[in-house]
Amino acid sequence: MLVITVGSLGFRARLQRDTAPRTCAALLRVLPLEGKLLQARWSGEAAWLPLGDLDLGLGHENPNTYPGAGELLLYPGGLSETEILFPYGATSFASRVGPLAGNHFATVEDGRDLLTELGRLVVWEGAQDMRIEEG
């Protein structure tokens with residue numbers, strides 16, 4: 001399980017080890033991750049954690065462009081920078097250069113009822129402190 005804190009909100013997410021084993025392993029190697037979660041300008045009801053030029057040595061694995069709320073994606077870089085996408089509602093993953101597909105590596109199980117509040121926070125209050133750790 002992953003423990004994810006965004007501002008004062010807490011989530012627990014199940015790793016998708018069966019469908020994204022390489023992505024899960026690579027992510028676990030760099031935990032804990034900390035940064036600012038921002039509203040994703042081109043992806044609809046989603047927020048993103050920029051990871052810059054972090055190279056996890058991944059390509060596409062279990063890629064998805066249309067994740068459901070709480071289905072976390074890791075974009076391994078390429079057309080855009082490396083990032084984690086955190087959908088809180090209807091999402092079509094994209095960047096300024098067009099559609100993207102990210103590796104579905106975890107799904108929020110505890111805290112699903114807080115996804116709407118997550119969206120409100122990033123839209124109305126701006127960037128939020130985020131921490132992802134194993135727990």
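Modeller: Phe105 is in contact (heavy atoms within 4.5 Å) with Leu2, Arg14, Leu15, Gln16, Ala20, Thr23, Cys24, Leu27, Leu72, Leu73, Leu74 and Ile84, leaving aside its neighbours within four places in sequence. The model is predicted, so local features need pLDDT of at least 70 and side-chain atom pairs count only at pLDDT 80 or more, whereas totals for chains, interfaces and linings use all residues. Residues are numbered from 1 along each chain as its sequence is written, and side-chain values use heavy atoms, with hydrogens and water left out.

Phe105 belongs to the largest nonpolar core, which has 33 residues. A nonpolar core is a set of buried Ala, Val, Leu, Ile, Met, Phe, Trp, Tyr and Cys residues joined through side-chain atoms within 4.5 Å. Buried means under 20% relative accessible area, exposed means over 50%, and partly exposed lies in between, with a 1.4 Å probe and protein chains only. The members that touch the most others are Leu2, Ile4, Phe86 and Phe105. Apart from this core lies another, of eight residues, among them Ala46, Tyr75, Leu85 and Leu100. In soluble globular proteins, nonpolar side chains tend to be buried together.

The helix α2, residues 115-125, also has a buried side. Helices (H or I, at least four residues) and strands (E, at least two) are DSSP runs, numbered from the N terminus. Leu115, Leu118, Gly119, Leu121 and Val122 are the buried residues of α2. They line one face of the helix, because seen down its axis they fall within an arc of 160°; the arc is that of the directions from the helix axis to the C-beta atoms. On the other side of α2, Thr116, Trp124 and Glu125 are exposed. The cover over the buried residues of α2 includes the strands β1 (2-6), β2 (9-15), β3 (33-39), β4 (44-50), β7 and β11 (128-134). Just after the helix, Gly126 takes a positive phi of about 85°.

Leu33 lies in strand β3 and is buried, at a relative accessible area of 10%. Beyond residues up to four places away in sequence, Leu33 touches Leu27, Leu51, Ile84, Met130, Arg131 and Ile132. In strand β2 lies Arg12, which is partly exposed at 30% relative accessible area. The C-alpha atoms of Arg12 and Val108 are separated by 5.8 Å, although the two residues are 96 apart along the chain. Among the residues in contact with Arg12 are Met1, Thr107, Val108 and Gly135.

The loop between β4 and β5 (63-64) holds His60, which is partly exposed, with a relative accessible area of 46%. His60 touches Arg22, Tyr75, Ala101 and Asn103, not counting residues up to four places away in sequence. From C-alpha to C-alpha, His60 and Asn103 are 6.2 Å apart in space, and they are 43 residues apart in sequence. Asn62 is placed in the loop between β4 and β5, where its phi is near 60°, a positive value in a residue other than glycine.

There remains the largest pocket, which holds about 240 Å³ of space. On a 1 Å grid over the protein atoms alone, a cavity is a set of points where a 1.4 Å probe fits but cannot get out, whereas a pocket is an open set with protein on both sides within 12 Å along at least five of seven lines; lining residues have an atom within 4 Å of a point. Grid points are joined across faces, edges and corners, and the volume is the space filled by probe spheres set on the points. Of the 15 lining residues, Trp42, Trp48, Ser80, Ser95 and Arg96 lie nearest the centre of the largest pocket. The strands β7 (83-91) and β8 (94-95) each supply at least two residues of this lining. Ala94, in strand β8, is buried at a relative accessible area of 18%, and Ala94 touches Trp42, Ser43, Pro99 and Leu100, not counting residues up to four places away in sequence.
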